[in-house]
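This briefing goes through a single structure topic by topic. Please keep the sequence and the model in view while reading.

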Amino acid sequence: MSSSTESQKPIILYTSRTPNGFKATTYLEELREHYGGPDYDTFPIDIWTNVQKEPWFIKLNPNGRIPTITDRARNNFNVFESAAILLYLAQHYDKDYKFWFDPVNDPDNYSEMLQWIFFAHGGVGPMQGQANHFTFAAAKQDIPYARERYVNETKRLYSVLEIRLSEGRDYLAGPGRGKPSIADFNVFPWISSHAMSVTKTLDEWPGLKAWFERIGARKGVKAGLQVPPEGWNKKQ
């Protein structure tokens with residue numbers, strides 16, 4: 001990983017230290033751990049100063065959000081939305097289906113993986129993001145109803161994950177106990193920030209807690225959580 005764009009590595013990742021940003025970095029680091037690539041440059045985005053709303057960025061991602069990637073190896077193809085980035089990287093850079101499932105030859109496991117990706121992308125992320133907002137991150141006034149509504153809904157979604165992970169499973173998708181996949185990488189960064197606004201511990205959900213510890217112990221995941229490094233914007 002490098003913050004320079006001069007090396008022309010296959011992927012340039014525009015990101016920040018947020019749960020959605022960590023989805024991309026954890027998968028990229030897992031791919032590099034197991035395949036040796038694709039290597040990538042990082043372009044850290046200071047979302048608190050709205051760099052992602054500047055015209056040059058909107059040309060890459062009209063929604064003005066991180067993460068976004070540009071695949072230099074594929075005619076500078078741009079991809080936005082964190083779950084879409086995971087699926088794109090799987091399609092083009094995970095040829096052995098190490099972290100996903102063959103949609104043609106393994107359609108049921110592929111479908112289950114998609115279901116859990118969409119569950120997290122449409123549920124856990126938005127609800128927990130709002131819980132963070134109304135708890136402390138950006139809200140200008142305390143609105144107890146909003147705070148409680150989003151915290152409680154996030155806890156309900158944690159309970160849905162608990163149902164899945166208490167069925168004798170180690171991972172969200174795959175046969176038997178499952179296998180590590182982008183379904184896990186897609187929701188892990190949100191669970192990793194549970195103490196910010198949702199709950200101090202995961203003790204209420206033992207299956208989720210064991211899964212969280214299992215995913216968090218992976219070398220690639222640990223590396224991904226350091227991209228960009230803490231305090232990067234203070235070094236400029």
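Where is the place of Thr25? Thr25 has its place in helix 1, where helices are DSSP runs of H or I of at least four residues, strands are E runs of at least two, and both are numbered from the N terminus. The model is a predicted one, in which local features need pLDDT of at least 70 and side-chain atom pairs count only at pLDDT 80 or more, while totals for chains, interfaces and linings use all residues. Residues are numbered from 1 along each chain as its sequence is written, and side-chain values use heavy atoms, with hydrogens and water left out.

**Surroundings of Thr25**

- Thr25 is buried, with a relative accessible area of 0%; buried means under 20% relative accessible area, exposed over 50% and partly exposed in between, computed with a 1.4 Å probe on protein chains only.
- Not counting residues up to four places away in sequence, Thr25 touches Leu13, Tyr40, Gly224 and Val227, a contact being heavy atoms within 4.5 Å.
- Thr25 and Val227 are 202 residues apart in sequence, yet 6.5 Å apart in space from C-alpha to C-alpha.
- A polar atom of the Thr25 side chain lies 3.3 Å from the backbone oxygen of Phe22; a polar contact is a pair of N or O atoms within 3.5 Å, of which, within protein, one must be able to donate a hydrogen and the other to accept it, and residues adjacent in sequence count only if both atoms are side-chain atoms.

**Nonpolar cores**

- The largest nonpolar core has 56 residues, and those with the most contacts inside it are Tyr27, Leu89, Met113, Ile182, Ile191, Leu208 and Trp211; such a core is a set of buried Ala, Val, Leu, Ile, Met, Phe, Trp, Tyr and Cys residues joined through side-chain atoms within 4.5 Å.
- At least two residues of this core are supplied by each of strand 1 (11–15), helix 1 (19–35), helix 3 (82–93), helix 4 (107–137), helix 5 (144–165), helix 6 (182–191) and helix 7 (206–216), and the largest share, nine residues, comes from helix 4.
- Tyr27 touches Leu86, Leu89, Ala90, Asp94, Phe99, Ile182 and Phe185, not counting residues up to four places away in sequence.
- A second, separate core of seven residues includes Ile12, Tyr14, Val51 and Phe57.

**Helices 6 and 7**

- Because 10 of the 10 residues of helix 6 are buried, this helix is largely enclosed by the rest of the structure; among them are Asp184, Asn186 and Pro189.
- In helix 7, Gly207, Leu208, Trp211, Phe212 and Ile215 are buried, and they lie on the same side of the helix because they cover an arc of only 135 degrees around its axis, the arc being that of the directions from the helix axis to the C-beta atoms.
- The buried residues of helix 7 pack against helix 5, helix 6 and helix 8 (219–224).

**Salt bridges**

- The structure holds 14 salt bridges, each defined as a side-chain nitrogen of Lys or Arg within 4 Å of a carboxyl oxygen of Asp or Glu.
- Arg218 forms a salt bridge with Glu30, with the closest N and O atoms 2.9 Å apart; Arg218 lies in the loop between helix 7 and helix 8 and Glu30 in helix 1, so the pair ties together parts that are 188 residues apart in sequence.
- Arg218 is buried at a relative accessible area of 19%, and Glu30 also counts as buried, at 1%.
- Asp41 forms a salt bridge with Arg72, the closest N and O atoms being 2.8 Å apart, and this pair links strand 2 to the loop between strand 3 (68–71) and strand 4 (77–80), 31 residues apart.
- Asp41 also forms a salt bridge with Lys9, with the closest N and O atoms 4.0 Å apart, and a network of salt bridges links Lys9, Glu29, Arg32, Asp39, Asp41 and Arg72.

**Arg169, a buried charge**

- Arg169 has its place in the loop between helix 5 and helix 6.
- Arg169 is buried yet has no salt bridge, and the nearest side chain of opposite charge, Glu112, is 5.0 Å away; here Lys and Arg count as positive and Asp and Glu as negative, while His and the chain ends are not counted.
- The side chain of Arg169 reaches the backbone oxygen of Gly176 at 3.1 Å.
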